[in-house]
Each structure stands twice: as structure tokens, then as C-alpha cells.
Amino acid sequence: LRCNAPITYDAFTESMVLFGGYTQAAALNDTWVFDCKTSAWSERTPKLSPPPMEAPATVALGGGKLLVCGNDARKVRRGHRGSTAAQKETWLYDVSANTWIPLAHRLPER
């Protein structure tokens, strides 16, 4: 069972990438790639991965790279208005190299 997990199509590698999501018990930080040419899913296990994120925003940048941004679910503390003290983190995923790279820039809270 998984919800709030974005799937992003990467035209360069002809694949769809799924990262994170929520099991209704815990946030996830696993990476799955669906190869559109072979119609097969594979779980990727890079050495470094983003933290668990319940509903990260993702976008394909082209050239086999994806950008993922979200809150580290382990640090989320919701207030009475639904706000959180956890800062958003931004990561770059290289589909072909199977590597996650944390980006130094942290997005400001509203």
C-alpha cells in the first residue's frame, strides 16, 4: 500500500521514476524505476538517498535527471495550522547512474 508517491516520466531514459510516498503508517524513501521499453519495474538501491518524504514534488529536467523536493518526514512537526518546522530539501536523481545528489540550496519556508 502506497499513496502520495509521484511518478515522473523521463524521456531521455524512457522510464518512469517513483520516489517516496506514504504507507499510511510511515513515509518512504525508496526509489523504483519502470523501464518503458521492457515494461519492467526495478527497485534501485543507490548508496545515498533522500530522507523519507510523504508527498515530494518532482520534475524531469531532461538528460536523465529528476529534481525532487520535499520535507524530511522524520522532522515534520505539524502545528495547529498544518505548518511544519522541517525545512524542504532538494535532491537531484540521475536515472542512468542511479545516484542521488543533495543540493546545497534549501528552499525557504513561506
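A polar contact is a pair of N or O atoms within 3.5 Å; within protein, one atom must be able to donate a hydrogen and the other to accept it, and residues adjacent in sequence count only if both atoms are side-chain atoms. This is a predicted model, in which local features need pLDDT of at least 70 and side-chain atom pairs count only at pLDDT 80 or more, while totals for chains, interfaces and linings use all residues. Residues are numbered from 1 along each chain as its sequence is written, and side-chain values use heavy atoms, with hydrogens and water left out.

View A. Thr-31 lies in strand S3 (residues 27-35); strands (E, at least two residues) are DSSP runs numbered from the N terminus. With a relative accessible area of 0%, Thr-31 is buried (buried: under 20% relative accessible area; exposed: over 50%; partly exposed: in between; 1.4 Å probe, protein chains only). Its side chain makes a polar contact of 3.0 Å with the side chain of Trp-100. Leaving aside residues up to four places away in sequence, Thr-31 touches several residues, among them Val-17, Phe-19, Ser-42 and Tyr-93 (contact: heavy atoms within 4.5 Å).

**View B. The sheet of strands S1 to S4.** Four strands form an open antiparallel sheet in the order S1-S2-S3-S4 (two strands pair if DSSP finds at least two bridges between them). Strand S1 (7-10) and strand S4 (40-44) each have a single partner strand, so one side of each is left without a neighbour in the sheet. S1 pairs with strand S2 (residues 15-22) over four bridges, in the antiparallel sense. Asp-10 stands opposite Ser-15 in S2.

**View C. The sheet of strands S5 to S8.** A further open sheet has four strands in the order S5-S6-S7-S8, with antiparallel pairing. Its edges are strand S5 (57-62) and strand S8 (99-102). Five bridges join S5 and strand S6 (residues 65-71) in the antiparallel sense. Cys-69 in S6 is the bridge partner of Ala-57.

**View D. Aromatic pairs.** The structure holds three aromatic pairs (rings of Phe, Tyr and Trp, the last by its six-membered ring, with centres within 6.5 Å; planes under 30 degrees apart count as stacked, over 60 as edge-to-face and the rest as tilted). The rings of Phe-34 and Trp-41 have centres 5.1 Å apart and planes at 55°, so this pair is tilted. Phe-34 is buried at 15% relative accessibility, whereas Trp-41 is partly exposed at 43%. Tyr-93 and Trp-100 also form a tilted pair, with ring centres 4.6 Å apart and planes at 35°. Ring pairs link Phe-19, Tyr-93 and Trp-100 into a cluster.
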